Amino acid sequence: MIPKKLPPLPPIRDLIRVYGLSANQKFSQNFILDKNVTDTIAQHAKISAEDDLVVEVGPGPGLLTRSILDAGARRVVVVEKDSRFMPALQQLSEASDRRMAILLGDMLKLDHMDILKAHPALPTLPTHISSASDSILETDGDQNQPSEDIWTPLDDQNATIRLLGNLPFGIASPLLIQWLKMMALREGIFQGNNKVSMTLMFQKEVAEGIVAPPNHPERSRLSIMAQSLCDVKIAYRVSSGVFVPKPKVDAAVVHFEKKAEPLMPGSLDKLEDVARFYFNKRRKTMGNNTNRMARIAPEVKPILDEWMAEGKWDMNKRTQEVSTEQFCALARKLERAQVKIPLT
């Protein structure tokens with residue numbers, strides 16, 4: 001079945017006015033009101049009717065959600081923490097021909113099985129919410145059961161999933177780290193043989209750091225973690241003037257595709273610890289930082305002595321000059337030795 005296009009809908013500006021919505025600085029909110037921008041984001045996410053599930057985090061009043069639905073998505077689950085947006089999202093759900101479900105909750109705390117098992121939201125506001133947060137919208141009656149041909153059970157072990165979000169700048173990095181760790185361990189929506197790509201909006205400097213190659217001034221712990229697991233690229237740059245209210249910085253959309261052969265198999269915890277240690281003193285040479293680790297954690301010294309003797313990296317280089325592959329190689333060696341890395 002080819003999904004229908006959305007019917008004509010009120011402009012987002014009108015919905016914001018009618019429902020008295022304003023950006024909440026507590027949640028680092030900034031709205032996009034130009035559908036040409038959100039259509040471009042959906043295009044870079046490669047959304048199609050062939051996808052099994054599209055997950056959007058932080059839809060707000062729902063403009064990017066409209067673009068996702070217009071791109072042909074058959075099953076969309078949006079996760080929104082701010083209950084003020086529920087009326088606008090319910091209206092969109094009704095117009096979507098039951099292709100959209102709404103979860104009210106904090107994505108950092110949400111059980112991903114709620115996403116995989118979500119059902120379409122109803123064309124009316126909920127009469128009951130099972131808890132104050134992290135809940136599927138519910139109402140009384142039997143009408144909340146979708147027709148089988150539209151919302152069939154999801155094969156949650158072999159699904160093609162797109163994860164999108166105009167992420168609040170204040171929590172974008174913690175969300176990304178959580179998702180990368182879950183992807184590495186095949187947890188949550190990343191479980192089984194699910195193929196999950198991510199298309200996410202960040203502050204420009206954060207986005208540049210995520211994709212930064214060696215020698216780039218924005219290279220960071222986040223660069224190492226993301227590039228160990230995914231092929232990453234900046235897909236789209238977004239001017240600050242697009243947002244309401246206008247933030248102080250521009251933004252950029254980063255697209256993530258999981259590598260066929262990750263550089264750091266299994267948990268990313270050791271790699272994160274290694275990268276954090278070295279990037280905490282990013283202007284020091286690798287030799288200086290490696291000797292510092294050996295002094296702070298004597299149990300690590302024999303491994304580091306062997307590492308330096310093997311000439312695995314140039315000790316005269318600075319942290320940002322070292323490749324992701326080299327960081328992963330050291331992290332794998334320390335992981336096998338089961339030693340604890342100091343965090344300072």
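The structure is a predicted model, in which local features need pLDDT of at least 70, side-chain atom pairs count only at pLDDT 80 or more, and totals for chains, interfaces and linings use all residues. Residues are numbered from 1 along each chain as its sequence is written, and side-chain values use heavy atoms, with hydrogens and water left out.

The mean pLDDT (the predictor's confidence in each residue, from 0 to 100) is 87 for the protein, and 88% of the residues score at least 70. Confidence is highest in strand 11 (residues 251–258), with a mean of 98, and lowest in strand 5 (residues 128–129), with a mean of 34. Helices (H or I, at least four residues) and strands (E, at least two) are DSSP runs, numbered from the N terminus.

Threonine 319 is located in the loop between helix 11 (301–309) and helix 12 (324–337). Because its relative accessibility is 0%, threonine 319 counts as buried (under 20% relative accessible area, 1.4 Å probe, protein chains only). Beyond neighbours within four places in sequence, the contacts of threonine 319 include Tyr278, Phe279, Arg282, Met286 and Phe327, a contact being heavy atoms within 4.5 Å.

Pockets were located on a 1 Å grid over the protein atoms alone, as open sets of points where a 1.4 Å probe fits, with protein on both sides within 12 Å along at least five of seven lines; lining residues have an atom within 4 Å of a point. The largest pocket holds about 500 Å³, a volume being the space filled by probe spheres set on the points. Among its 31 lining residues, Gln29, Gly58, Glu80, Asn166 and Pro168 are the closest to the centre. The second largest pocket has about 220 Å³.

Notes. Buried means under 20% relative accessible area, exposed over 50%, partly exposed in between (1.4 Å probe, protein chains only).
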